[in-house]
Amino acid sequence: MSVADQRAPEEQISSEHAISNVEESKSEQSSYGQILKSSSIVGGAQVINMGIGLVRTKLVAVLIGPAGIGLVGVYLSITALANTLAGMGIQTSGVRDVAKHHGDGNAEAVAATVITLRRVCWLTGIAGAAILAAAAPWISQTSFGSNEYTLPVALLGITVFLSNLAGGQSAILQGTRRIGDLARVQVLGAILGTLVSVGLYAWLGMAGIVPALIALSAISLLVSTHYSRKIPLAPASVTWRQSLVDAGGLLKFGASMVVAGLVGAGATYAIRAILSNQLDLQAVGIYTAAFTLSGMFVKFVLQAMGADFYPRLTAVSDDHAAMRRLINEQTKVGLLLAFPGLLATLALAPWVIALFYTSEFAPAAEMLKWFVIGCMGRVLSWPLGFALLAKGQGKLFATTETVFQAFHVLMVVGLIHGVGLLGAAIAFAALYFAHTAGMLAITRQTIGFLWSRSVLTQLAWMVPVAATVFSCDLILPPVASTAAGALTTVAATILCLRHLVTCIGHHHRITQALTRLPGGKWLAKGIAQA
């Protein structure tokens, strides 16, 4: 055999490896592109919502003040708890079942699940509204220390019924991965909700809070129903008896979601009730203001996880290697998208509070910074939680949520006695440090998950940068601190964008568009010929 003949097989193997690596690289870029696409659609909706929210929040803060914002926060905690109980976890399990059948191409099963989901949401919504109305006296006494709010709490049962129906419609959109329609639901709901709620607050003041919450739920139902009805469904004939039988399967998985949801909503309610009783409604308003703003820049990432990542992860739940890859990709893109906004909020916290609220909310600025640190932990830990849901390990998910939320409430109780209202924000940051560590350990045992080298590399520079910006006001005058934080944010944003275009490759339209801008070629340097 000649030397050339001996070399041929080696060259063939080398060529096959090269082709395999190129195909794998293209597959990764395609996956990153899908994550970015869903995040950009949901993110675009959130940008619009943020603009609308800026106007709504400012007007509402002026119209009803910190006490009014605090009352809204308590009411929302009550309805969140009631919605979780009324939903019975069916919406989450419905998303999972619809996504599974949709991924398998089983149109008849999708249609049958949709019919069952809609019917059961009616039944559970009515039951939830009745339970909340019956428990209104006790809830008023527990939340506010008097029976003064019994009637408003009872009327909130209407929002539970309407929200339950709307949740079922959104679950159908989510399970079929209608990301664009989900975004449209959010934007239309925000626009119409702002017009109605601000009008009611201007007309009735604090007396308009309950009517506004009911109107918001009604608008959400109308918009989500409009878009869910557009989904083409295969003909399916499902009797009520069969729906109740099928609902048993939804409830089996949903029961764990009820526990997890009740624990989460219960913890939120407990924290606000503790602040209301130990401090006052103004403290609840300041807490709510800081908490709401902190989540603004991660909300689109977290919603994209639920809208697209969860169904995608469910579709490959039998392949642990594929799950590990998707979780790492989602974590990486999530950090790149959320980090600049979180860093900007850290740097400009007092200005952000002044922009969105009034001078009465000034104490929220320091709280906002701790909430932002916690939100970074949310971006890291949420993909890990979805792994348990995708695997159908509802009991394990419910157990972990119970443990962590109990830890959260205990931390709030301990810290507000030691450092006051700020302690509630510190407790939130501590929660997500613990949650991230715990979920890493659990997913390591369940699917063999570890963060990839690229995720660890990102964290290696993001964590010190965030810590530096967080600490700027401790060592620098206010103006210098703001300037240093703003410059650091600009540099970090450019670096995140550079990493992002590296992920999606030179063929992606975003990369192509960037190369046409001043400095854009530098962002794509090293991948132009990839």
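Which helix does Asn49 lie in? Asn49 belongs to helix H1, which covers residues 3–87. A quick word on how to read all this: residues are numbered from 1 along each chain as its sequence is written. The model is predicted, so to speak of local features takes a pLDDT of at least 70 and side-chain atom pairs count only at pLDDT 80 or more, while totals for chains, interfaces and linings use all residues, and side-chain values use heavy atoms, with hydrogens and water left out.

Lys395 sits in helix H13 (residues 394–419) and is exposed, at 68%. Asn147 is in the loop between helix H3 (107–144) and helix H4 (150–175), and with 47% relative accessible area Asn147 is partly exposed.

Each of these residues can be paired with another one in the chain. The table gives the separation in sequence and the C-alpha to C-alpha distance.

| Pair | Apart in sequence | C-alpha to C-alpha |
|---|---|---|
| Asn49 and Gly189 | 140 residues | 9.3 Å |
| Lys395 and Val259 | 136 residues | 8.8 Å |
| Val160 and Asn83 | 77 residues | 5.4 Å |
| Asn147 and Ala136 | eleven residues | 8.7 Å |

Now for H10, with its 28 residues: at 1.5 Å a residue they should span 40 Å, and the end C-alpha atoms are 39 Å apart, which agrees. The expected span is 1.5 Å times one less than the number of residues. H10 does have a kink of about 35° at Ala338, shortly before the proline Pro340. That bend is the angle between axes fitted to the seven residues ending at a residue and the seven starting there. H10 is mostly covered, with 22 of its 28 residues buried.

H14 has 26 residues and reaches 38 Å from its first C-alpha to its last, close to the 38 Å expected. Just after H14 comes Gly448, with a positive phi of about 70°.

**Spaces inside the model**

A search of the whole structure turns up two cavities of 30 Å³ or more. On a 1 Å grid over the protein atoms alone, a cavity is a set of points where a 1.4 Å probe fits but cannot get out, while a pocket is an open set with protein on both sides within 12 Å along at least five of seven lines; lining residues have an atom within 4 Å of a point. Grid points are joined across faces, edges and corners, and a volume is the space filled by probe spheres set on the points.

The second largest cavity holds about 40 Å³ of space. Its lining is made up of Phe339, Leu342, Leu343, Leu346, Val372, Ile373, Met376 and Ala466. Helix H10 (320–347) and helix H12 (364–390) are the elements that give two or more residues to this lining, and the largest share, four residues, comes from H10. By class, the lining has eight nonpolar residues, no polar and no charged. For these classes, Ala, Val, Leu, Ile, Met, Phe, Trp, Tyr, Cys and Pro count as nonpolar, Asp, Glu, Lys and Arg as charged, and the others, Gly among them, as polar.

H12 gives the most, with six residues. The pocket lining has 13 nonpolar, three polar and no charged residues.

Definitions and conventions:
Buried < 20%, exposed > 50% of the residue type's maximum accessible area, 1.4 Å probe, protein only.
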